[in-house]
Amino acid sequence: MERLPPEILEDARFWSVSTSQALRVVALAGDRGTDDSAADDFDVIERWGAS
């Protein structure tokens, strides 16, 4: 943030504060699902509630 000029840092039009929840999914012990080398690695980011 130290690289942003004061005109942006001090202007509320460029900022918003929001919270989000994180969900972690892990395989159960003994689960024989897909092997890790073939599994897709991705992140899902979705805003919950009103914007």
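How many helices and strands does the protein have? The answer is 1 helix and 0 strands. Helices here are DSSP runs of H or I with at least four residues, strands are E runs of at least two, and both are numbered from the N terminus.

Some ground rules. This is a predicted model, in which local features need pLDDT of at least 70 and side-chain atom pairs count only at pLDDT 80 or more, while totals for chains, interfaces and linings use all residues. Residues are numbered from 1 along each chain as its sequence is written, and side-chain values use heavy atoms, with hydrogens and water left out.

Now the surface. Of the 51 residues, 2% count as buried. Buried means under 20% relative accessible area, exposed means over 50%, and partly exposed lies in between, with a 1.4 Å probe and protein chains only. The protein exposes about 5,900 Å², and carbon and sulfur atoms supply 52% of that area. Accessible areas come from the Shrake-Rupley method with a 1.4 Å probe; for residues, only the protein chains shown count as cover.

Next, the helix, H1, which covers 6-9. Leu9 is found in H1. Leu9 counts as partly exposed because its relative accessibility is 34%. Leu9 also belongs to a nonpolar surface patch with Leu4, Phe14 and Trp15, and together these residues have about 360 Å² of accessible area. A patch is made of residues with over 30% relative accessible area and no salt bridge; like charges are joined within 9 Å, and nonpolar side chains (Val, Leu, Ile, Met, Phe, Trp, Tyr) within 5 Å.

After the helix comes Asp11, in the segment that follows H1. Is Asp11 buried or exposed? Asp11 counts as buried, because its relative accessibility is 18%. Asp11 forms a salt bridge with Arg13, with the closest N and O atoms 2.6 Å apart. A salt bridge is a side-chain nitrogen of Lys or Arg within 4 Å of a carboxyl oxygen of Asp or Glu. In general, side chains of opposite charge can pair when their charged atoms come close. Arg13 is exposed, because its relative accessible area is 69%. A search of the whole structure finds 1 salt bridge.

Last, Ser18. Ser18 is also in the segment after H1. With 47% relative accessibility, Ser18 counts as partly exposed.
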